Amino acid sequence: MIDVLVIGGGPAGMTAALRAGDLGANTVIVTRDEFGGMAANDGPVPVRTLAHAARLLRDAGQLNRYGIDVGPPRLDYPRLLARVREVVEDVRGHSTFRKQLDALGVTINENCGPVRFTDPHTVETESGLRLHADKIIICTGGASRRLPVPGAELTATHSDAWGLTSVPPSMIVIGGGATGAQVASVFNAFGSKIQLFHTGPRILPTEDEEVSAAVAAAFRESGIDVRENFGCIDSFEKTADGVRMFYSKDGRQESTEASLAVTAIGWIAETRCLNLSCVGIETDARDFVRVNEFLRTTAPHVFAAGDVIGRMMLVPQAIQGGFVAATNAVRGETMKAIEGAAPIGSFTDPEYAQVGLTETQASAAGEVVVARIYFDSTTRTIIDGRTSGLCKLIVDRRTRQILGCHVVGERAVEITQVAAVAMSGRMLVDDLAQVPLSFPTYAGVLGRAAAQATRRLNLELNWQASRMEGN
Ligand SMILES: Cc1cc2nc3c(=O)[nH]c(=O)nc-3n(C[C@H](O)[C@H](O)[C@H](O)COP(=O)(O)OP(=O)(O)OC[C@H]3O[C@@H](n4cnc5c(N)ncnc54)[C@H](O)[C@@H]3O)c2cc1C
């Protein structure tokens, strides 16, 4: 009898299996596709590789400015795709998860096709493998949501977009969230003519308003046709060269066409094949598995973690969730799901990132001080010729706690990590202002924002007056 069976081999499942094995449980992992899940095979790793290529193209445009004479860069897309495959293999090859699991004696069953429950303690794979376990942890992740309109089958998802063998001359991207913005930014850099359609009033709706406005403005400046508040999509039809999209607003229908339409309208849980009803596991309207604070499902012996529970759908959260779920599966309900500062960001051009509350959220909860440092006033960004962007720090006026940090521009994601560490350590803003962050660095902009907030709060200034001009 297996003590703990983990379904799904992404970051949540790999971590859950490792933790259960570490706690001495006889553990088995079974997964539909390759070990590694979306993070290694279809999400961050391939996407970041393409985003890196987009950045190199952009950086190549700067070479002449720094006295390096080269011709205009030319993208060889098949070679880039070969590099993406190489990176995916390399990352997989260097994953320590598999070695650690092997060392613990955890059995890994991969490429098994979808698994389904046949009774509350038994699952069966497509290939006929039956596994019977005392405790089960579901880590099956999510899948792109499809548009429920006629002709939706003519559209692609982000996964199809990464698999293209050539860059489409034009692309309609539907959905201005993180994935849509990433697809639009990357293919714009590769030379596609992009139209980015977003139903709501602003792209990147979960970012601070100032950040989403800055990204939209930069996208427009770079040639992306950003269409916010465009109405709703009626249908798609095939054209000789691609696809035509019909959409309407206030009773008026319009249409547009492109070589390819990519939908990025959100995420649903990958639970449909699992036959969860035979176990008594409840899901919500988007099929996400309902769990309590210990990541236990409505079936007492089954836990769930990662994208499949529909909370923050990111790799670090999947890893944390896998750890918590396995701990509770083996030891009983002893560990609550981890909450705290969670940085989120994306490698678009320009990059953007956030941690904590937006200015609107923080202001609704109490009185705040907001510090802004624009990138055209910092030494490092001027050196690098990357002067568009800002770092915004939101501080509670009464407690001096840092409530949020929002950055748009070069290295936004890295800068925000420093803010997240400060927030996790519950540093006061004046303490952050006194850390002598290296000069000239991108992270230094955060120190300047902290110093600005400290001055606004009329707190004792020690040495930081000098940092006003530094970094
Ligand atoms: C384009 C894109 C970019 C992203 N970029 C980032 C980023 O920069 N940073 C970040 O932190 N996150 C990013 N993410 C999100 C990140 O990939 C996910 O949050 C993470 O992979 C979730 O891990 P998981 O283990 O829950 O699920 P997954 O990684 O999706 O793994 C699920 C596993 O379950 C298996 N499975 C599914 N159904 C079944 C079944 N019925 N039976 C058996 N096995 C099954 C699958 O084969 C897979 O192995 C990105 C996602 C996308 C789509």
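This is a predicted model: local features need pLDDT of at least 70, side-chain atom pairs count only at pLDDT 80 or more; totals for chains, interfaces and linings use all residues.
**Entry 1: α3 and α7**

α3 covers residues 44-60, and α7 covers residues 178-189. The two pack at an angle of about 40 degrees. Their axes are 9 Å apart. Angles under 35 degrees count as roughly parallel, and 65 to 115 as roughly perpendicular. α3 and α7 are therefore oblique to each other. I also noted the hand of the crossing of α3 and α7: left-handed.

Next I asked which residues make the contact. From α3 I listed Val 47, Arg 48, Leu 50, Ala 51, Ala 54 and Leu 57. From α7 I listed Gln 182, Val 186 and Ala 189. Sorted by class, the contact of α3 with α7 has 7 nonpolar, 1 polar and 1 charged residues.

**Entry 2: α1 and α5**

I turned to helix α1 (residues 11-22) and helix α5 (residues 96-104). Their axes come within 10 Å and cross at roughly 30 degrees. The cut-off for roughly parallel is under 35 degrees, so α1 is roughly parallel to α5. The crossing of α1 past α5 is left-handed.

I wrote down the residues that meet here. α1 brings Met 14, Thr 15, Ala 17, Leu 18, Gly 21 and Asp 22. α5 brings Phe 97, Gln 100, Leu 101 and Leu 104. By class, I have 6 nonpolar, 3 polar and 1 charged residues for the contact of α1 with α5.

**Entry 3: cysteines**

How many disulfides does the structure hold? I found 0. I checked Cys 273, which is in no disulfide. Its nearest cysteine sulfur belongs to Cys 278 and is 14 Å away. A disulfide needs the sulfur atoms within 2.5 Å. Cys 278 is in no disulfide either, and its nearest cysteine sulfur is that of Cys 273.

Cys 273 has a relative accessible area of 46%, so Cys 273 is partly exposed. Cys 278 has 29%, so Cys 278 is partly exposed too.

**Entry 4: Thr 157**

Where does Thr 157 sit? I placed Thr 157 in the loop between β7 (142-144) and α6 (158-162). Is Thr 157 buried or exposed? Its relative accessible area is 8%. Buried means under 20%, so Thr 157 is buried.

Last, I looked up the contacts of Thr 157, leaving aside neighbours within four places in sequence.

Key. Residues are numbered from 1 along each chain as its sequence is written. Side-chain values use heavy atoms; hydrogens and water are left out. Axes are lines fitted to C-alpha atoms, for helices over the stretch in contact, and angles run from 0 to 180 degrees between N-to-C directions. Helices (H or I, at least four residues) and strands (E, at least two) are DSSP runs, numbered from the N terminus. Angles under 35 degrees count as roughly parallel, over 145 as roughly antiparallel, 65 to 115 as roughly perpendicular and the rest as oblique. A crossing is left-handed if the near helix is turned anticlockwise from the far one by less than a right angle, and right-handed if clockwise. Contact means heavy atoms within 4.5 Å. Ala, Val, Leu, Ile, Met, Phe, Trp, Tyr, Cys and Pro count as nonpolar, Asp, Glu, Lys and Arg as charged, and the others, Gly among them, as polar. Buried means under 20% relative accessible area, exposed over 50%, partly exposed in between (1.4 Å probe, protein chains only).
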